[in-house]
Amino acid sequence: MMRKQPADAPQHNRKSNQFLENQAGYVLAAAIQTRDLSVREVARRAGTSHATLIAYIKGRKSPSLSTLARIVDACDLSLDVALRPRVRGTQGLPRGEELAQVLRLAEQFPARPHPTLAYPKFPRRPLWT
């Protein structure tokens with residue numbers, strides 16, 4: 001059973017909560033299969049009931065993050081969750097837009113350099129002096 005969202009909650013929050021709840025069941029099923037344990041054994045180790053663990057796996061209930069970590073720990077695995085900042089350019093632009101600007105700038109340069117150097121050449125000196 002999914003947690004009820006307030007009627008005025010943004011739609012993207014509802015979708016992201018459904019996604020996280022589905023992922024919790026997937027993570028639990030994968031942890032149990034990875035360690036080749038029975039659901040009853042994992043429930044016993046985690047200090048929860050077999051029925052509750054099945055409900056988490058099937059998405060009928062949603063575990064808290066601490067409960068999810070405790071059950072994964074009962075499988076002798078660790079749960080790592082990481083939030084990373086968005087990568088932005090120097091002017092706060094998304095990286096794709098920054099790249100597009102750089103490519104537009106590069107188009108302004110000649111495709112082939114001039115065959116002769118326009119500046120004075122340096123005199124040649126022996127390397128061993």
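Colleague: Why is Asp-76 called exposed?

Modeller: In this predicted model, Asp-76 has a relative accessible area of 56%, and because exposed means over 50%, Asp-76 is placed in that class.

Colleague: What makes Arg-45 partly exposed?

Modeller: The relative accessible area of Arg-45 is 38%, and since the partly exposed class lies between under 20% for buried and over 50% for exposed, Arg-45 is therefore counted as partly exposed.

Colleague: How do you know that Asp-76 forms a salt bridge with Arg-45?

Modeller: The closest N and O atoms of Asp-76 and Arg-45 are 3.7 Å apart, and the cut-off asks for a side-chain nitrogen of Lys or Arg within 4 Å of a carboxyl oxygen of Asp or Glu, so the pair is called a salt bridge. The two residues belong to distant parts of the chain, 31 residues apart, with Asp-76 in the loop between α4 (65-74) and α5 (95-107) and Arg-45 in helix α2.

Colleague: What separates Arg-44 and Glu-41 along helix α2?

Modeller: Arg-44 and Glu-41 are three residues apart in helix α2 (residues 39-46), which means that about one helical turn separates them.

Colleague: Why is Arg-44 counted as exposed, and why is Glu-41 counted as partly exposed?

Modeller: Arg-44 has 57% relative accessibility, and exposed means over 50%, whereas Glu-41, at 24% relative accessibility, counts as partly exposed.

Colleague: Which residues are linked in a network of salt bridges?

Modeller: The network links Glu-41, Arg-44, Arg-45 and Asp-76.

Technical notes. Residues numbered from 1 in each chain as written. Predicted model: local features only at pLDDT ≥ 70, side-chain atom pairs only at ≥ 80, totals over all residues. Heavy atoms only, no water. Helix = DSSP H or I, 4+ residues; strand = E, 2+ residues; numbered from the N terminus. Buried < 20%, exposed > 50% of the residue type's maximum accessible area, 1.4 Å probe, protein only.
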